[in-house]
Amino acid sequence: MNKNKNIKNGKGHMDPPKPKAGHVAPPQPKLEADPNPGSRVNKMIAVVSGKGGVGKSSVTALSALWARRQGYTVGILDADITGPSIPRMFGLHPWDLSARDNTLYPATSVTGIHAMSMNLLMENEEQPVIWRSPVITGALTQFWTDVAWGDIDYMFVDMPPGTGDVPLTVFQALPVDGILIVTTPQDLVSMIVGKAVAMAKMMNVPILGIVENMSYVKCPHCGEEIRLFGEGHVEETAAAEEIPVVARLPIDPMLAASCDAGKIEYYDGDYMSGLADVLPKVELKVQE
Ligand SMILES: [Zn+2]
């Protein structure tokens with residue numbers, strides 16, 4: 001028998017031993033956390049922005065509302081720990097959560113949207129959260145591992161603002177299927193979109209579209225769209241990056257009032273219908 005049959009190219013490199021039949025590969029290390037056994041989440045959409053204060057949470061909420069109105073089962077994971085505003089918009093409170101046998105169940109809104117937020121775990125809902133980022137990301141990961149979400153067609157994640165360490169860690173922990181970018185006409189749109197595109201590439205997740213918030217005001221008399229902050233650069237940036245513009249949202253005092261009153265679900269603006277073209281498809285279950 002030729003002793004040297006494993007020697008490759010005459011350079012002395014040994015072929016790795018062939019696995020025996022029935023060999024099981026060792027588990028690969030992964031950052032992504034396993035979902036709670038009580039969760040079956042079909043598609044997860046992360047909503048990101050370049051900074052805070054651009055209405056990322058209202059876009060998240062309106063996206064969830066749109067999907068719910070189409071008949072999908074919907075969840076909102078509020079990962080914007082520095083300004084968790086989802087519960088306020090939906091009128092949800094800590095007592096809307098329930099827990100059984102080490103499992104936490106999300107709060108459910110009047111139209112049946114399930115939500116989890118740090119604000120629902122705080123004794124004082126007004127108290128700002130000032131935690132270091134490892135604690136924050138640990139807590140957020142638990143929203144995924146310890147919360148039984150049930151059957152969810154679309155889960156929208158209100159991400160921490162920016163493209164820094166905290167959103168990146170949240171991305172690594174969650175099985176995100178697509179990203180929506182929220183900008184305003186005042187933003188440095190091309191820079192923000194560029195950073196989001198870089199982050200998306202790193203995470204190997206597609207960018208589904210851009211939403212321009214605070215885009216215009218509608219004249220109450222004639223319905224004319226007045227661009228208070230001038231023409232944004234969303235169209236040209238979107239075209240350059242080949243990303244669709246999913247929606248342009250007005251500054252609407254009615255929306256602000258609905259959010260403040262915890263009644264966003266009664267708001268009838270249907271600005272997010274462009275999602276129909278970009279969301280990864282989920283088959284709508286016929287409800288009995
Ligand atoms: Zn007018």
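Because the model is predicted, local features are reported at pLDDT of at least 70 and side-chain atom pairs at pLDDT 80 or more, whereas totals for chains, interfaces and linings use all residues. Residues are numbered from 1 along each chain as its sequence is written.

The chain contains 8 helices and 13 strands. Helices (H or I, at least four residues) and strands (E, at least two) are DSSP runs, numbered from the N terminus. Of the 288 residues in the chain, 41% are buried. A residue is termed buried if 20 or more other C-beta atoms lie within 10 Å of its own, exposed if 12 or fewer do, and partly exposed in between, with C-beta atoms placed from the backbone. Among contacts in the chain with a separation of 6 or more, 79% link residues 24 or more positions apart. Two residues are in contact if their C-beta atoms, placed from the backbone, lie within 7 Å.

In soluble globular proteins, nonpolar side chains tend to be buried together. The largest nonpolar core of the model comprises 76 residues, of which Ile45, Val47, Val157 and Ile179 touch the most other members. Helix H1 (residues 56-69) gives the most to this core, with 7 residues. A nonpolar core is defined as a set of buried Ala, Val, Leu, Ile, Met, Phe, Trp, Tyr and Cys residues joined through C-beta atoms within 7 Å. When residues up to four places away in sequence are not counted, Val157 touches Met44, Ile45, Ala46, Val47, Leu77, Ala79, Leu174 and Val176.

Strand E9 (residues 150-158) is largely enclosed by the rest of the structure, because 7 of its 9 residues are buried. Strand E9 runs parallel to strand E3 (residues 39-49), to which 8 bridges join it. Strand E4 (residues 74-78) also pairs with E9 in the parallel sense, over 5 bridges. Two strands are taken to pair if DSSP finds at least two bridges between them. Asp158 of E9 stands opposite Val47, and Asp158 also stands opposite Asp78.

Strand E10 (residues 178-183) is likewise largely enclosed by the rest of the structure, because 5 of its 6 residues are buried. E3 and E10 pair in the parallel sense over 5 bridges, and Val47 stands opposite Leu180 in E10.

Helix packing is illustrated by helix H5 (residues 189-203) and helix H6 (residues 234-241), whose axes come within 9 Å and cross at roughly 30°. The contact is made by Val189, Ser190, Val193 and Val197 of H5 together with Val234, Thr237 and Glu241 of H6. By class, this contact has 4 nonpolar, 2 polar and 1 charged residues. In this classification, Ala, Val, Leu, Ile, Met, Phe, Trp, Tyr, Cys and Pro count as nonpolar, Asp, Glu, Lys and Arg as charged, and the others, Gly among them, as polar. Axes are lines fitted to C-alpha atoms, for helices over the stretch in contact, and angles run from 0 to 180 degrees between N-to-C directions.

Several individual residues were also examined. Most residues other than glycine have a negative phi. Asp101, although not a glycine, has a positive phi of about 45°. Asp101 is placed in the loop between strand E5 (98-100) and strand E6 (103-105), and it is exposed, with 4 other C-beta atoms within 10 Å. Asn102 lies in the loop between E5 and E6 as well, and its phi, near 65°, is also positive. Asn102 counts as exposed, with 6 C-beta neighbours inside 10 Å.

Ile251 is found in the loop between strand E13 (245-250) and helix H7 (253-260). Ile251 is partly exposed, because 17 other C-beta atoms lie within 10 Å. Not counting residues up to four places away in sequence, Ile251 touches Met214, Val217 and Leu228. The C-alpha atoms of Ile251 and Lys218 are separated by 7.9 Å, although these residues are 33 residues apart along the chain. Met254 lies in helix H7 and counts as exposed, with 12 C-beta neighbours inside 10 Å. Met254 and Gly269 are 15 residues apart in sequence and 9.2 Å apart in space, C-alpha to C-alpha.
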